[in-house]
Amino acid sequence: EVSSDPKDELHGVLFKLSWADWIKVAVTEGVPIGYTAESVRVQLYDGQELDAVTLTAGKFGRTPFNVDIRPSPRYRELLIEGARYHNVTEEYCKKL
């Protein structure tokens, strides 16, 4: 869920996609059933701000019966590995 609190932080990686690639991602991830695309304003580590799109769990997403489903240990390790590869701060990687 995207937070409206400006003090909240979510670190990650931005990818610039062509429209065709965005469609592939959306179909693969199940937009709009599994996930919903939301417009967000992001701040890069260098202070630059950009408009971006993020995917959030949709109304009929992958949380049946409103149960929070944690990622598998393997998926979590892939997230951490990717975050480190893309130079996400180590402090944030430890939170993952």
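From the N terminus on, the elements of this chain run α-β-β-α-α, and the secondary structure comes to 3 helices and 2 strands, where helices (H or I, at least four residues) and strands (E, at least two) are DSSP runs, numbered from the N terminus. This is a predicted model, in which local features need pLDDT of at least 70 and side-chain atom pairs count only at pLDDT 80 or more, while totals for chains, interfaces and linings use all residues. Residues are numbered from 1 along each chain as its sequence is written, and side-chain values use heavy atoms, with hydrogens and water left out.

Let me take the totals for the chain before the details. Of its 96 residues, 14% count as buried, and by that I mean under 20% relative accessible area, with exposed standing for over 50% and partly exposed for what lies in between (1.4 Å probe, protein chains only). The accessible surface comes to about 8300 Å², of which 55% belongs to carbon and sulfur atoms; the areas come from the Shrake-Rupley method with a 1.4 Å probe, and for residues only the protein chains shown count as cover. Turning to contacts, which means heavy atoms within 4.5 Å, we find that among those between residues at least 6 apart in sequence, 43% join residues at least 24 apart.

I will now walk along the chain. In the segment before α1 we have His11, whose side chain makes a polar contact with the side chain of Glu9 at 3.0 Å and another with the side chain of Tyr45 at 2.6 Å. A polar contact here is a pair of N or O atoms within 3.5 Å; within protein, one must be able to donate a hydrogen and the other to accept it, and residues adjacent in sequence count only if both atoms are side-chain atoms. If we leave aside the neighbours within four places in sequence, His11 is in contact with Tyr45, Val88, Thr89 and Tyr92.

Which residues form a nonpolar patch on the surface? They are Val13, Phe15, Leu17 and Val25, with about 340 Å² of accessible area together. For a patch, residues must have over 30% relative accessible area and no salt bridge, and are joined within 9 Å for like charges or within 5 Å for nonpolar side chains (Val, Leu, Ile, Met, Phe, Trp, Tyr). Val25 belongs to helix α1, residues 19-29, and is partly exposed because its relative accessible area is 31%.

In the loop between α1 and β1 we come to Pro32, and a cis peptide bond joins Val31 and Pro32, with omega at about 5 degrees.

Asp46 lies in the loop between β1 (35-43) and β2, where its side chain reaches the backbone nitrogen of Gln48 at 2.9 Å, and Asp46 counts as exposed because its relative accessible area is 60%. Is Thr56, by contrast, buried or exposed? Thr56, in strand β2 (residues 49-57), is buried, because its relative accessibility is 8%, and a polar contact of 2.8 Å joins its side chain to that of Glu38.

Helix α2, residues 73-85, has 13 residues and reaches 18 Å from its first C-alpha to its last, close to the 18 Å expected at 1.5 Å a residue; the expected span is 1.5 Å times one less than the number of residues. After α2 comes Asn87, in the loop between α2 and α3 (90-95), with a phi near 65 degrees, a positive value in a residue other than glycine. Asn87 is exposed, because its relative accessible area is 61%.

I finish with the charged pairs. Side chains of opposite charge can pair when their charged atoms come close. Taking a salt bridge as a side-chain nitrogen of Lys or Arg within 4 Å of a carboxyl oxygen of Asp or Glu, the count comes to 5. Among them, Arg76 and Glu77 meet at 3.7 Å, N to O; Arg76 is partly exposed, because its relative accessibility is 33%, and so is Glu77, at 41%. Arg41 pairs with Glu49, the closest N and O atoms being 3.4 Å apart, and in Arg84 with Glu90 the closest N and O atoms are 2.6 Å apart. Finally, salt bridges that share partners join Arg41, Glu49 and Asp51 into one network.
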